[in-house]
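Reader: I'm new to this one and would like to learn how to read it. Could you take me through it feature by feature?

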Amino acid sequence: MKKFHIILLVLTAAAIAVLVSFLQTTTTYDTVAIAKSKPGKYVHLMAKWDKSAPMEYDALKNPNYLAFTAIDSLGDKVEVVYHNPKPENFELSEKLVMKGKYEDGKFVCQSIQTKCPSKYKDQDPAKHPGNATPNKTSYYKEATLEN
Amino acid sequence: MDYIGEHLLPGQIGHFFVVVSMVASLTAAFAYFKAVNAPLEDKKGWLKLGRLSFITEAASVLIIFAALFHILYHHLFEYRYAYQHTSLSLEFKYIMSAFWEGQEGSTLLWAFWQSVLGLIVMKREKQWEAPVMSVVSFAQFFLATMIAGIYIFDVKIGSNPFILLRDSGLLDEAPAMHLNFDLLQPIRPDYLTLVTDGNDLNPLLQNYWMVIHPPILFLGFASTLIPYAFAMAGIWTRDFKTWVPRAIPWTLFSIAFLGLGIMMGAKWAYESLNFGGYWAWDPVENASLVPWMIMVSGLHAMLIYKHTGYSLRSSFIFLALSFIFIVYSTFLTKSGVLGDSSVHAFADIGMNGQLFLFLIVFVWLAPFFAAKTDKQRWIIAGVTLLLSLGTYFLADKIPGFPLYVILGGVATYIVLLNKQVPAIQKEESVSSREFWMFVGSLVFFLAAMIIIFQTSLPVFNKLFDSNKAPGENDEFHYNKIQILIAFVIGLLTAVTQYLKYRTTSTRIFIKKILWPTIISAVIASLVLAFVKVNYMTHGLGFLINIWLALVATIYATIANASYIWLGMKGKLGNSGGSVAHFGFGLMLVGMILSSGKKEVLSWNTSGIAVNFGKESKEKTGENLTMVKGVPLQMNDYMVTYVGDSAHPKKQQTYFKIHFKSKKNNEEFTLLPNAFVNYKGNEGLMANPSSKHYLNHDIFTYVSSYYKPDGKEDTVSFKPNTVGVGDTIFYSKGYMLLEKLAAKDGLPTQEFDKSDTGYIASVKVQELNGSSYSSDMLLIKNKGKVLYRTQDTVMSQSLVLQLNDVHNNEAIIGVKESNDVLEYLTLKAYKFPYINLVWAGVVFLVIGSLIAMFNRVLKIEKKGIRVA
């Protein structure tokens, strides 16, 4: 066997060992119910901000404390605590990927990734702030034109 | 129906040339393909057709480019692309950023560079023109289909950048855009009068790096095709050897520009994103890093081959894989598969199948060319067709099927390659340069494979229908491996240049490398002793790895700098490799130091938020709240939020943050900015701002911001009747009415002569604290209040107003409310030695380009001599 084959073998074995150990550190994407069922375990919680419940963020009191309620697609809710300011695009997001653990009745996240509506499904141009809103007169004009 | 005000011509021209481009590139690919094996008398004709078609293709791409630019520049919002990516307020320089914000524009940019490089190949590479250009034209055809936007049997091919807004589906849900406000009716003829402004460019992309980073990156992307095409040409024409010296300059070019493009992206991330750094192991970043790493391995394999005859097969494999991974990276970023795991991938526009087909075809193209006989070629072509169809139908039924198709293609290539390409049986000597160079290439390649495996987790989820998410310390899983790679590569980069090809005598080797080693040891010890990297977040083991990698990369830097004199006698023209290695080492040193010693300055340990209230177990956080006008200590600085100013046209606010060093009284002001409530969406999109020093940066951004709008303020003014010299108490202290003056006949025009103005001056004294003065103005006429000012003592949360004046007594309204406070939350880092990273990149690129020019000159000299 050539030296290279030995080196190749050793390196490949090392790489595979690395990848196997990496796979063992992976976690899962979960719903609220599942996250609650395994307290203390690190998960990726997929949910969105429940706007009907109050959100607590007062930068004067503590800039590193955000608390809100998250609701997942099944309708389950959980109180979320995040020790950071509100993440960017929080209000705009339609989905949140929250990484953290469920502990003492709360989901404590280490990071929140906001998922915004795709720019390819954009908002109605008529509702666009910069655009003129059609008024009734032009509507009637159209209607008469059609007749 | 005729629509009012539309400019249809540019779109029609554009789309017409998209079709021309598709036809021309396919014709060119075919003509060049035929030219390769055609008998001499036919060859000329095929070559002529190939050239003509490719020039037509290049011209079409240019016209498409110009048409789309025209649409964006003139804000023709009847086109979806202009509507979605620009707005009237967008500055001219960002029109270009808007151009490549969308998938179609970035594909077009890629096609543009590929056609430019193709023209250079056509001009320069006479011997290799036909096979190389055949591959290039074929790739060009695939790019053209990505912007085709045509339907074949209900299957959409590509996404047309020239699609009209009214055809794009964006207006389908907008009743106002339809006749009679009825969605079932057609779109109204005057709809354009309602579309007065576009959607604007994503604010995060409104940054000058976004103007130049994509063109350079896509030049890098496009350039990886040429070495791939050369490798294919080599195995196809069975001329296994002579392509290597021709491909080396192209590979160096690719390394320089892909590397530069990636690191410009890093610079953009550093300057305009707020994840606090230049690299986050984001899939989009990794996906372009990996082909670069493979290309570097490929370059070293080719150099070994050129000097010793070893590792020819590896050259073939690395160069093929580099481009295949470029296509894979395109698949990752453009297919939307990264949805949950990347911050800045493109959204899915329904081109998954097409992108995957691009990948399958360019993977299986390699065994197609590596086949020995035409019969084998046709079998492979058939297999590719079957597998492509198979992927379409079986991907959901057989878990992992698409992966097996790709791996199968690569394996077939390697098998056929080994049958065709000869290899030297004799072993390399352990004391030879080629031995360690190859070990280095292999380690680098495996490092790339590990990165892409980790990055592909979301792809594996799709393939095997699993639900794996990255682990708790995602970045650490990359770092803990790559720090070891940095150690090994650092050592090899330092030592290998001092070895000779074939065999090295131990005595000479030691003699040469002794001094660089001693100098490196001294400098590394000094750095360890005085710079003090003590990053303990992941324990002592990891810290020791950091130290080892730091020493190794310092060694690489010094040894390569020394080699320019010791090995090359200071001849810079020949030292491209050493300069590039020096830059690479420097960049790694900078990365290790800046990440290992990154400090959060804005630790919330003092000031406003000592009381954490109900969350008392709360540790201190990384963000600091600053009230406007109130200095706060932050690390070694007194920091004040002085004020803010708005961008004249956009909803962009610049925050003035004043820093004063307590050490040397140095003062400076940073202007981090943010889009506040952009387009009516509540929230912030922040851009950082940094103060650059030679050996570190102070990096800040605003993480939350509050400005009272008066709407939510429910606290009312409490009236206090006082005479001059009387005091009023408030929660934090008291205030004293110092002066009350009345004046008739105000000089201002707006007021009548009979009006009376009153001015009350108050001194506010905080208990055991500072004092402030406040003046209020009241203007009355015959008992009626005409005008009244409010004065705010920001740091005391006080708002004062003069309610009324009676008999030399003032009625002063006092309001204590949090809602008067204007405050922001700041995050600040200290990034030490970040400049080493940027300097390293510059040297890496310059070194690669020196090496490239040097080789081109040598080839040309040789050519003249032969002629």
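Reader: How far apart do the C-alpha centres of domain 1 and domain 3 of chain B lie?

Author: They lie 66 Å apart, going by the C-alpha centres of the two domains. Keep in mind that this is a predicted model.

Reader: And into which domains is chain B divided?

Author: There's domain 1 (1-206), domain 2 (618-707 + 824-832) and domain 3 (718-816).

Reader: Let's turn to the inside. What tends to happen to nonpolar side chains?

Author: In soluble globular proteins, they tend to be buried together. Here, the largest nonpolar core has 256 residues, and those touching the most other members are Ala229(B), Phe230(B), Met232(B), Ala320(B), Leu359(B) and Ala366(B). Helix 9 (residues 243-272) of chain B gives the most to this core, 19 residues.

Reader: Is helix 12 of chain B mostly covered or mostly uncovered?

Author: Mostly covered, as 15 of its 19 residues are buried. Take Leu365(B), which lies in helix 12 of chain B. A residue counts as buried if 20 or more other C-beta atoms lie within 10 Å of its own. Leu365(B) has 25 of them within 10 Å, so Leu365(B) is buried. Leu365(B) also shows that sequence and space are two things to look at: Leu365(B) and Tyr413(B) are 48 residues apart in sequence and 8.8 Å apart in space, C-alpha to C-alpha.

Reader: On to sheets. How do strands of a sheet pair?

Author: Through backbone hydrogen bonds, either parallel or antiparallel. In chain B, four strands form an open sheet in the order 14-22-21-20, with antiparallel pairing.

Reader: Which strands stand at the edges?

Author: Strand 14 (718-722) and strand 20 (790-793) of chain B; each has a single partner strand, so one side of each is left without a neighbour in the sheet. Neighbouring strands of this sheet are turned by 30° against each other on average, direction ignored.

Reader: How many bridges join strand 14 to strand 22 of chain B?

Author: Five, and the two strands run antiparallel, with strand 22 covering residues 809-816. To find the pairing by eye, look at Pro719(B), which stands opposite Gly813(B) in strand 22 of chain B.

Reader: What about chain A?

Author: Strand 3 pairs with strand 2 (residues 42-49) of chain A in the antiparallel sense over two bridges. There, Trp49(A) has Ala70(A) of strand 3 as bridge partner. Strand 3 of chain A also pairs with strand 4 (residues 77-82) of chain A, antiparallel again, over six bridges. In that pair, Phe68(A) stands opposite Val80(A). The hairpin of strand 3 and strand 4 of chain A has five residues between the strands, and Gly75(A) takes a positive phi near 90° there.

Reader: Which residues other than glycine have a positive phi?

Author: One of them is Asp200(B), with phi near 80°. Asp200(B) is found in the loop between strand 2 (155-157) and helix 7 (209-223) of chain B. Asp200(B) has 22 other C-beta atoms within 10 Å, so Asp200(B) is buried. Trp281(B) is another non-glycine residue with a positive phi, near 50°. Look for Trp281(B) in the loop between helix 9 and helix 10 (283-308) of chain B.

Reader: And how does Trp281(B) count, buried or partly exposed?

Author: Partly exposed, because Trp281(B) has 18 C-beta neighbours inside 10 Å.

Notes
Residues numbered from 1 in each chain as written. Chains lettered and ligands numbered in written order. Predicted model: local features only at pLDDT ≥ 70, side-chain atom pairs only at ≥ 80, totals over all residues. Buried ≥ 20, exposed ≤ 12 C-beta atoms within 10 Å, placed from the backbone. Core = buried A, V, L, I, M, F, W, Y, C linked by C-beta atoms within 7 Å. Domains from an automatic or database assignment. Pairing = 2+ DSSP bridges. Axes fitted to C-alpha atoms, helices over the stretch in contact; angles between N-to-C directions.
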